[in-house]
Amino acid sequence: MRAAIFRKGSFVLGDVPDPQLQPGQVLVRTKACGICGTDLHAARFTREFVSLAARSGGRWNMDTERDVVFGHEFVGEVVANGPGTEGKFKPGQLVTSMPLTIAGNTVIGLGYNPDMAGGFAEYMPLAERMLLPLPAGMEPDHAALTEPMAVGIHAVEHFGVNNAEVPLVIGCGPIGLATIAALKLHGHAPIIAADFSAGRRALAKKMGADIVIDPAVESPYQALERAITPDGFDAGRYAALFGLGPKRRPAVLFECVGIPGVLAAMMEGAPTGARIIVVGVCMEPDGIEPFFGIVKQLSLHFVLAYNAQEFAATLGHIGAGRLDVRPLITGRIGLAEVGQAFKDLASPETHAKILVEPWH
């Protein structure tokens with residue numbers, strides 16, 4: 001089958017072995033697969049990505065010397081049921097899945113696996129037990145956004161972000177936009193978002209942000225201070241010590257950039273008592289100044305991906321229109337164009353989410 005193959009730093013169009021279905025697997029024809037920010041990191045910082053994956057417990061088994069077929073944000077069409085399946089899904093049915101398959105009792109990740117192609121290939125052998133049917137009437141391409149949108153849902157839900165907190169989202173790439181949409185879904189207000197890119201700020205508005213800040217013009221932390229501070233608030237130590245006067249609303253900040261220096265700046269800018277939730281994946285060593293966390297009594301949390309319930313719920317939200325992913329899809333390409341798409345995505349003004357269509 002054809003695939004966009006990542007080979008030692010570049011993408012080439014070529015052939016990889018057709019999937020051989022194991023018990024419990026279903027052959028799925030890939031209709032569309034999104035290019036993720038983590039894909040961009042893995043392609044640009046391949047050695048660091050491989051090293052960090054090994055040092056953190058072997059979550060991915062990508063190898064710098066072996067070909068790999070990326071792709072973990074996908075939607076597909078059932079082609080055939082393999083041995084040991086129950087036949088829950090008929091040929092032609094549209095499905096999506098968390099980016100993994102199961103062979104026997106072994107869970108196999110898709111997307112950074114040199115032994116099994118991900119969604120930048122024509123077919124995938126997915127586990128019947130993990131397949132989710134698309135809701136009736138759902139646009140198939142929208143289901144490919146289930147995975148990244150589930151990351152935003154998880155970022156908001158995992159540590160119990162509540163409506164009393166005023167959220168500030170730093171970075172309005174796809175993950176920041178997913179976080180904004182999840183906050184909107186849960187009724188948070190006002191939602192503040194910040195990004196240097198005018199294009200991304202416009203998308204943040206479309207996805208539900210109430211206040212959008214250009215950090216080159218205004219400090220997003222000052223905007224957050226205004227949003228949480230009531231009239232008559234006394235910032236003096238005496239008032240704070242004895243609990244005098246009206247109280248500020250609590251604040252929660254989401255780091256959705258993933259480059260060195262952002263977390264340190266957020267800790268310096270965050271109001272006292274705030275929570276910072278790190279969603280962006282930084283592939284390089286970073287540094288913070290613990291003093292700011294101590295004197296402000298900040299809470300620092302890290303989140304990854306989603307669970308099965310959140311993934312299924314996200315699909316339902318998109319299908320019902322509660323999460324509108326249409327503004328995020330800014331391009332569709334074939335396998336031969338994947339390499340150029342990775343270059344195009346380096347510009348935040350041009351694209352948010354490009355979908356790879358292997359049969360394009």
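1. A residue is called buried under 20% relative accessible area, exposed over 50%, and partly exposed in between. Those cut-offs are used in the points below, and the model they are applied to is a predicted one.

2. Glu77 has a relative accessibility of 24%, so Glu77 is classed as partly exposed. Arg29 also has a value of 24% and therefore falls in the partly exposed class. The side chains of these two residues form a salt bridge, with an N to O distance of 3.8 Å.

3. Arg275 and Glu165 make a salt bridge in which 2.9 Å separates the closest N and O atoms. This pair, too, links distant parts of the chain, the partners being 110 residues apart. Arg275 is in strand 14 (residues 275–278), while Glu165 is in the loop between helix 4 (146–157) and strand 10 (166–170). Both ends of the bridge need a comment on burial. Arg275 counts as buried because its relative accessibility is 14%, and Glu165 is buried at 4%.

4. Asp141, Arg332 and Glu357 belong to one network, joined by salt bridges that share partners. Over the whole structure, the search returns 14 salt bridges.

5. On charge overall, the protein carries 30 positive and 36 negative side chains. The centres of the two sets are 3 Å apart.

6. The secondary structure consists of twelve helices and 17 strands. The radius of gyration is 22 Å, close to the 21 Å given by the globule rule for 360 residues, so the protein is as compact as a globular protein of that length. Along the principal axes, the C-alpha atoms fill a box of roughly 70 × 40 × 40 Å.

7. Among contacts with a separation of 6 or more, 70% come from residues 24 or more positions apart. Of the 360 residues, 52% count as buried.

How values were computed: Residues are numbered from 1 along each chain as its sequence is written. This is a predicted model: local features need pLDDT of at least 70, side-chain atom pairs count only at pLDDT 80 or more; totals for chains, interfaces and linings use all residues. Side-chain values use heavy atoms; hydrogens and water are left out. A salt bridge is a side-chain nitrogen of Lys or Arg within 4 Å of a carboxyl oxygen of Asp or Glu. Buried means under 20% relative accessible area, exposed over 50%, partly exposed in between (1.4 Å probe, protein chains only). Helices (H or I, at least four residues) and strands (E, at least two) are DSSP runs, numbered from the N terminus. The radius of gyration is taken over C-alpha atoms; the globule rule is 2.2 Å times the number of residues to the power 0.38. Contact means heavy atoms within 4.5 Å. Lys and Arg count as positive and Asp and Glu as negative; His and the chain ends are not counted. The place of a charge is taken as NZ of Lys, CZ of Arg, CG of Asp or CD of Glu.
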